[in-house]
Amino acid sequence: LFNFPASQQDGAIIKTAKARVTPQQFFSWMVKQQTADRLANPDYIDAPFLSNHDMARIANTLVNDPDKIKTAAGLLMTMNGSPFVYYGEEIGMNSSGTKDENKRIPMVWSKTDITGMTKGPADMDAGIESPFPAEDEQEKDKDSILSYYKNALRLRNQNPEIARGTIEKVESLCKDSQAAITKTYQDSTIGIVYNLGEGNDTVDLKGTALENMNLEGSLTLKEETVQLKDGKLEMPPCSIVVLK
């Protein structure tokens, strides 16, 4: 079980979510890392993550921007291996300062019902408030960060190629804020297309490895519609589409 150094792994996802690294640069890094890891150990399984108990939470790093938090989650959940989600990331919990105890505050299950809630580390600072609703409220909201995570996990579980597939870039579809890859596992190939820009995008699949694939599922910020018609994929901002 390999675990990328945090400076490579979470940093690449965060920079891509912030649009400081283009999607094609991100996937070039993924392919390069895949090659290096297989040379070191053909049976490796990656363990990607966004943050952990020794790091500032992802919500802090992304300045509590729900769209960027969802985008980072989408990138994480379409990476190879077995991704780790530090508790609270799925509802956008944050931390405060540099104290380790402040990175380990109690899970915010509810802001109104504290029955059975832990008090957290004794030395954590008081008054650290989550910028987003608690878990019980996000359960009811189809556009919440939690709902996005659930959709991403469902899509991942339905397509084992995401976790175990060999990655190849579709070079002709990698430009600006757009990128596409294929993942092949046990003679089955899927395509994953990313529009990480702030506007709608049309991706022409004709003449590519994705041309004859069908729409399998998608991740969007607010359940916007994704359409595939006549070989052209209509994608809303910061969306991810799986084709098969």
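Visitor: Where does Asp176 lie?
Guide: Asp176 sits in the loop between strand 1 (166–169) and strand 2 (178–185). Helices (H or I, at least four residues) and strands (E, at least two) are DSSP runs, numbered from the N terminus. This is a predicted model, in which local features need pLDDT of at least 70 and side-chain atom pairs count only at pLDDT 80 or more, while totals for chains, interfaces and linings use all residues. Residues are numbered from 1 along each chain as its sequence is written, and side-chain values use heavy atoms, with hydrogens and water left out.

Visitor: Why is Asp176 called exposed?
Guide: Its relative accessible area is 61%, so Asp176 counts as exposed (buried means under 20%, exposed over 50%, partly exposed in between, with a 1.4 Å probe and protein chains only). Asp176 also has a positive phi, near 50°, in a residue other than glycine.

Visitor: What makes Ala19 exposed?
Guide: Ala19 has 66% relative accessibility, so it belongs with the exposed residues. Ala19 lies in the loop between helix 1 and helix 2, and its phi is positive, about 65°, although it is not a glycine.

Visitor: Why is Glu223 described as partly exposed?
Guide: Its relative accessibility is 43%, so Glu223 falls in the partly exposed class. You will find Glu223 in the loop between strand 5 (215–219) and strand 6 (227–229). Leaving out residues up to four places away in sequence, Glu223 touches Lys142, Asp143 and Asn151 (contact means heavy atoms within 4.5 Å).

Visitor: How do you know which class Ile13 belongs to, buried or exposed?
Guide: Ile13 has 0% relative accessibility, so it counts as buried. Ile13 is part of helix 1 (residues 6–17). Setting aside neighbours within four places in sequence, the contacts of Ile13 are Phe26, Phe49, Leu50, Ala72, Leu75, Leu76 and Met79.

Visitor: What makes helix 4 largely enclosed by the rest of the structure?
Guide: Of its 12 residues, 9 are buried, so helix 4 is largely enclosed. Those buried residues are Ile69, Lys70, Thr71, Ala72, Ala73, Gly74, Leu75, Leu76 and Met77.

Visitor: Why are helix 4 and helix 6 called roughly parallel?
Guide: The axes of helix 4 (residues 66–77) and helix 6 (residues 145–158) cross at roughly 15° and come within 10 Å. That angle makes helix 4 roughly parallel to helix 6 (under 35 degrees is roughly parallel, over 145 roughly antiparallel, 65 to 115 roughly perpendicular and the rest oblique). Axes are lines fitted to C-alpha atoms, for helices over the stretch in contact, and angles run from 0 to 180 degrees between N-to-C directions.

Visitor: Which residues meet where helix 4 and helix 6 touch?
Guide: From helix 4 come Ile69, Lys70, Ala73, Gly74, Leu76 and Met77, and from helix 6 come Ile145, Tyr148, Tyr149, Ala152, Leu153 and Arg156.

Visitor: What covers the buried residues of helix 6?
Guide: The cover includes helix 4, helix 5 (135–138), helix 7 (161–164), strand 5 and strand 8 (239–243). Among the buried residues of helix 6 are Ile145, Leu146, Ser147 and Tyr148.

Visitor: How do you know that the span of helix 6 agrees with what it should be?
Guide: At 1.5 Å a residue, its 14 residues should span 20 Å, and its end C-alpha atoms are 20 Å apart, so the two agree (the expected span is 1.5 Å times one less than the number of residues). Helix 2 (residues 23–40) agrees too: its 18 residues should span 26 Å, and its end C-alpha atoms are 26 Å apart.
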